[in-house]
Amino acid sequence: MKTFPTITFLLLCVCNAFSIQIDSTLQKKILAMYKEDQKWRKELIKLQKDDSVPFDENIINKKINEADSSNLLAAKSIVRKYGFPGNSLVGENGSSAFWAIVQHCDSDPPFQKNVLQLMKVQVDNHNASGEDYAFLQDRVLVNQGQKQLYGTQVRIDLKTHRAKAMPIQDSLNVDKRRKTIGLQPLKVYLSTFEQQ
C-alpha cells in the first residue's frame with residue numbers, strides 16, 4: 001500500500017492550495033481607492049482631448065489632489081499592516097491597483113521608495129507584477145532627480161502630442177532591460193501615447 005502516502009500527500013497539497021484566501025475586504029477597499037484614483041484622471045484625459053466635460057481643469061486637478069491625498073493616507077495604513085499587498089493577499093487586480101495608487105503618491109517620495117523595497121520582495125517571490133515594479137522604480141528614480149532605468153516615465157509635448165521618455169540611464173540598453181521585465185520596446189510604448 002505505497003499509494004496511500006502519495007494520495008495523502010496530494011490531498012494535503014490540494015487542501016493547502018485552496019486554503020490560501022484572498023482578503024476580499026482589503027481587495028474591495030483597494031479597488032474602491034483605485035476607482036477614485038482613476039475617475040478624475042479620466043476626466044482630465046477627456047478634457048485634454050477636447051471632449052465635452054462638465055468640469056474645468058482647475059476642478060479636475062483639485063479632485064485629483066484630494067483623491068491622491070486620501071489614498072496616500074489609506075495606502076500608508078495598508079502598508080503598515082500588510083506590507084505590499086501581493087497577488088496572494090488581494091488578487092492580481094488588487095495588487096496592481098495598489099501599485100497604481102502608490103505610483104500617484106508623488107507628494108511623498110520616501111513612501112514610494114519604501115513601497116518599492118517592499119514590492120521587490122513580492123516580485124522576487126512571483127507575488128506581484130515585475131512590470132508594475134519597473135514603473136514604480138522609474139517613478140522613484142525620477143522623483144529623486146535621477147535617470148530612470150526602463151523609460152516608463154514620459155513627457156507629452158502639448159504642441160506635437162508626441163511622447164518622449166524622461167532621461168534614461170544607459171539608454172542604449174534600455175530595450176534589453178525592458179525585455180527582461182516583460183515590457184514592450186520603448187519605441188512601441190511611446191507610440192501608445194500618441195494613439196490616445
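These legends walk through several close-up views of a predicted model.

View 1. Welcome to a protein chain of 196 residues, of which 39% count as buried. Its secondary structure comes to 8 helices and 2 strands. Reading from the N terminus, the elements follow the order α-α-α-α-α-α-β-β-α-α. Take the contacts between residues at least 6 apart in sequence: 55% of them join residues at least 24 apart.

**View 2. Here we look at Q112, a residue of helix α5.** Helix α5 spans residues 109–124, and Q112 has its place there. Is Q112 buried or exposed? With a relative accessible area of 0%, Q112 is buried, because buried means under 20%. The side chain of Q112 makes a polar contact with the side chain of N143 at 2.8 Å. The side chain of Q112 also reaches the backbone oxygen of Q103, at 3.2 Å. Which other residues does Q112 touch, once its neighbours within four places in sequence are left aside? The contacts of Q112 include V102, H104, C105 and D106, and also L136, R139 and V140.

**View 3. Helices α4 and α5 pack against each other.** Helix α4 covers residues 87–103, and its axis lies 10 Å from that of α5. The two pack at an angle of about 155°, so α4 and α5 are roughly antiparallel to each other. Their crossing is left-handed. On the α4 side, the contact is made by W99, V102 and Q103, while α5 brings F111, Q112, V115 and M119. Sorted by class, this contact has 5 nonpolar and 2 polar residues, with no charged ones. Our friend Q112 from the previous view is one of the α5 residues taking part.

**View 4. Helix α3 meets α5.** Helix α3 is made of residues 57–82, and its axis comes within 12 Å of that of α5. How do the axes of α3 and α5 cross, and at roughly what angle? They cross at roughly 35°, and the crossing is left-handed. From α3, look for L72, A75, K76 and V79; from α5, look for F111, N114, V115 and L118. The contact of α3 with α5 has 6 nonpolar residues, 1 polar and 1 charged.

**View 5. Helices α4 and α6 lie together.** Helix α6 runs over residues 130–143, and its axis is 10 Å from that of α4. The packing angle is about 10°, which makes α4 roughly parallel to α6. Residues S96, W99, V102 and Q103 of α4 make the contact with D132, F135, L136 and R139 of α6. By class, these residues divide into 4 nonpolar, 2 polar and 2 charged. L136 and R139 of α6 are also among the residues in contact with Q112.

**View 6. H161 sits in a loop between two strands.** Where is H161 found? The loop that holds H161 lies between β1 (154–156) and β2 (163–165). Leaving aside its neighbours within four places in sequence, H161 is in contact with I156 and E194. H161 and E194 are 33 residues apart along the chain, and their C-alpha atoms are separated by 6.4 Å.

Methods: Residues are numbered from 1 along each chain as its sequence is written. This is a predicted model: local features need pLDDT of at least 70, side-chain atom pairs count only at pLDDT 80 or more; totals for chains, interfaces and linings use all residues. Side-chain values use heavy atoms; hydrogens and water are left out. Helices (H or I, at least four residues) and strands (E, at least two) are DSSP runs, numbered from the N terminus. Buried means under 20% relative accessible area, exposed over 50%, partly exposed in between (1.4 Å probe, protein chains only). A polar contact is a pair of N or O atoms within 3.5 Å; within protein, one must be able to donate a hydrogen and the other to accept it, and residues adjacent in sequence count only if both atoms are side-chain atoms. Contact means heavy atoms within 4.5 Å. Axes are lines fitted to C-alpha atoms, for helices over the stretch in contact, and angles run from 0 to 180 degrees between N-to-C directions. Angles under 35 degrees count as roughly parallel, over 145 as roughly antiparallel, 65 to 115 as roughly perpendicular and the rest as oblique. A crossing is left-handed if the near helix is turned anticlockwise from the far one by less than a right angle, and right-handed if clockwise. Ala, Val, Leu, Ile, Met, Phe, Trp, Tyr, Cys and Pro count as nonpolar, Asp, Glu, Lys and Arg as charged, and the others, Gly among them, as polar.
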